[in-house]
Each structure stands twice: as structure tokens, then as C-alpha cells.
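Trainee: I am new to this structure. Please go through the terms used for it.

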Amino acid sequence: MMIKLNRSVMKKRQYMVLGLFIVFIIAVYGRIVYFQYFSSYKLSVMANSQYSYKEDITDANYMLFDSNGKQLLDYKKNIM
């Protein structure tokens with residue numbers, strides 16, 4: 001059974017769908033602008049922290065000397 005619709009009703013539905021689509025695109029664009037411009041510092045710090053690590057240099061098991069025979073790494077271990 002086919003429902004016959006008036007052309008004006010179909011046009012209204014088309015405009016409503018088009019309007020919702022445009023609102024959706026504007027909302028997505030707004031989120032992109034928000035992340036790119038307003039949250040960029042926080043996100044870049046988070047990204048950089050994923051690729052960095054700390055290394056404790058007090059556990060060096062070697063002696064490093066300069067050309068005169070003096071020790072270059074002069075540190076004191078904190079023993080607890």
C-alpha cells in the first residue's frame with residue numbers, strides 16, 4: 001500500500017533533513033576548531049609525554065674520565 005504525500009510535505013521533510021545535516025556538520029567543525037585551537041597545548045603535552053621517559057643516572061656502573069684522567073661523573077649516591 002503506497003502512501004501518497006503532498007509535494008509540500010516532501011519539501012518540508014527534505015529541508016528538515018538538510019537542516020539537520022548542516023547543523024551536524026557545523027557541530028563537527030566546531031569540535032575540530034575547539035581541539036585545534038583551544039585544547040592544543042594540553043593535547044600536545046599529553047602526546048609528548050607518551051614518548052618520553054626518565055632514566056636514573058645515579059645507577060651508572062662505569063667510570064668516565066677526561067683526557068687528563070679526571071673523573072667526569074662526580075656524584076654521590078644517596079643510600080637510604
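Mentor: Leucine 18 is found in helix α1, residues 7-38; a helix is a DSSP run of H or I with at least four residues, numbered from the N terminus. This is a predicted model, where local features need pLDDT of at least 70 and side-chain atom pairs count only at pLDDT 80 or more, while totals for chains, interfaces and linings use all residues. Residues are numbered from 1 along each chain as its sequence is written, and side-chain values use heavy atoms, with hydrogens and water left out.

Trainee: Why is leucine 18 called partly exposed?

Mentor: Buried means under 20% relative accessible area, exposed means over 50%, and partly exposed is in between, with a 1.4 Å probe and protein chains only. Leucine 18 has 45% relative accessibility, so leucine 18 is partly exposed.

Trainee: What makes the pair of tyrosine 34 and phenylalanine 38 tilted?

Mentor: Rings of Phe, Tyr and Trp (its six-membered ring) pair if their centres lie within 6.5 Å; planes under 30 degrees apart count as stacked, over 60 as edge-to-face and the rest as tilted. Here the centres are 6.3 Å apart and the planes are at 40°, so the pair is tilted. Both residues lie in helix α1, 4 residues apart, about one turn of the helix.

Trainee: How do you know whether tyrosine 34 is buried or partly exposed?

Mentor: The relative accessible area of tyrosine 34 is 39%, so tyrosine 34 is partly exposed. Phenylalanine 38, at 64%, counts as exposed.

Trainee: Which residues do ring pairs link into a cluster?

Mentor: The cluster consists of Tyr34, Phe35 and Phe38.

How values were computed
Helices (H or I, at least four residues) and strands (E, at least two) are DSSP runs, numbered from the N terminus.
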